[in-house]
Amino acid sequence: MRYLRAFGRFWWSFVVGDDWLVAAAVAAAIGLTALLTHEGVNAWWLLPAAVVVALADSLRRESRRS
Amino acid sequence: MSTSIALIALGAFLASAVEMVEALTIVLGVGVVRGWRSTLIGAGSALVVLAVLVAALGPALRYVPIGSLRLVVGALLLAFGLQWLRKAILRASGFKAVRDESEAFREEREQAAVAGRELRAGLDWYSFTVAFKGVLLEGLEVVFIVIAFGSAQRHVAVAATGAAIAFVVVVIAGVLAKGPLSRVPENTIKFAVGLLLTSFGCFWGAEGAGVDWPGDELSLLGAVGFFVVVSLALVRLLRRRRLVLVAARAEA
């Protein structure tokens, strides 16, 4: 069980890293893109825009902490 | 050679180079102090594990439908790439310390000098495990990038070749320099890798979600350019913010 937890923790920090909100924003934006595409909207612009917002927000929070 | 293949090779080369520079510092730090046999066996064993991972996972992913693969790989690359980009921006703007290979080398040597000597299977266990773990952990990121880059475009061999060339270049440079490669502009390379990972992640993630990119593969170049401009603007903003913070602290 201990090894499983350590394994899970390793992959979490490997993929998600310091700011889980960025990863959550990416997942939400991809989900929304899939939804819009399914409805017939070619939402190619959504993911880059969401990335910029998530990145800027994460940097703003980090710089306030410093 | 298409745009995406060239960028895949470049991304794998740069990511591998920067991770191998860090692994080289660990291996050199241990090897110089405690001897080379166990250290090199440890580093070599880790390289074998990494090569087996690429050889096993690369072909296995061929059987996953390309749409689903791009969706998953795109999301993972995006989350992973944004970590690299975020840290590179924080370093470039002074909010995070830049890694110093000479300092890391000094610390590695100090730890190696005070560690006890335990023999297992005829090996100096400290040298073996530190070199093995160092190369494996730094290399896992490269394996992830090689497999993700390669599988989403069905070009694992291209990505693996880019990574292998970087490995050879770093080892030769390390042997010639006889020390850590402290003059390699690590943050600039990490910045470039973060940009490529984020751009590919965005491109494949959206494509996997069903999007048709205007201009098809050319959009990838557009995405790289877009994220370069955004990232440089964010560095500028944060540098200004930092100057204001430093001035305010000096006044207080």
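This is a predicted model: local features need pLDDT of at least 70, side-chain atom pairs count only at pLDDT 80 or more; totals for chains, interfaces and linings use all residues.
Residues are numbered from 1 along each chain as its sequence is written, and chains are lettered from A and ligands numbered from 1 in the order in which they are written.

The secondary structure of chain A consists of three helices and zero strands, where helices (H or I, at least four residues) and strands (E, at least two) are DSSP runs numbered from the N terminus. From the N terminus on, the order of elements is α-α-α. Chain A has a radius of gyration of 15 Å, well over the 11 Å that the globule rule gives for 66 residues, so chain A is more spread out than a compact globule. This radius is taken over C-alpha atoms, and the globule rule is 2.2 Å times the number of residues to the power 0.38. Along its principal axes, the C-alpha trace of chain A spans about 45 × 35 × 10 Å.

Of the 66 residues of chain A, 26% count as buried. A residue is termed buried if 20 or more other C-beta atoms lie within 10 Å of its own, exposed if 12 or fewer, and partly exposed in between, with C-beta atoms placed from the backbone. In α1(A), the number of buried residues is zero out of 14, so this helix lies largely in the open. Helix α1(A) is followed by A:G17, whose phi is positive, near 75°.

Between the two chains, 26 residues of chain A are in contact with 28 residues of chain B; contact requires that the C-beta atoms of two residues, placed from the backbone, lie within 7 Å. On the side of chain A that touches chain B, the elements giving two or more residues are α2 (20–38) and α3 (46–65) of chain A. The largest share, 10 residues, comes from α3(A). By class, this side of chain A has 17 nonpolar, eight polar and one charged residues. In this classification Ala, Val, Leu, Ile, Met, Phe, Trp, Tyr, Cys and Pro count as nonpolar, Asp, Glu, Lys and Arg as charged, and the others, Gly among them, as polar.

Within chain B, two helix pairs were examined. The axes of α1 (residues 3–34) and α4 (residues 101–114) of chain B come within 8 Å and cross at roughly 35°. Axes are lines fitted to C-alpha atoms, for helices over the stretch in contact, and angles run from 0 to 180 degrees between N-to-C directions. The crossing of α1(B) and α4(B) is right-handed; a crossing is so named if the near helix is turned clockwise from the far one by less than a right angle, and left-handed if anticlockwise. Residues of α1(B) that meet α4(B) include B:V21, B:T25 and B:G29, and their counterparts in α4(B) include B:A104, B:F105 and B:E108. This contact has 10 nonpolar, two polar and four charged residues.

B:G29, in helix α1 of chain B, is buried, with 25 other C-beta atoms within 10 Å. Not counting residues up to four places away in sequence, B:G29 touches B:F105, B:E108, B:R109 and B:A112.

For α3 (residues 66–92) and α5 (residues 125–152) of chain B, the axes come within 10 Å and cross at roughly 145°, and the crossing is left-handed. Among the residues of α3(B) in this contact are B:L69, B:R70 and B:F80, and α5(B) contributes B:F144, B:A148, B:S151 and B:A152. By class, the contact of α3(B) with α5(B) comprises eight nonpolar, two polar and one charged residues.

Two residues of chain B other than glycine have a positive phi: B:A121, near 50°, and B:D216, about 50°. B:A121 is in the loop between β1 (119–120) and β2 (123–124) of chain B and is exposed, with 8 other C-beta atoms within 10 Å. B:D216 lies in the loop between α7 (186–208) and α8 of chain B and is likewise exposed, with 11 other C-beta atoms within 10 Å.
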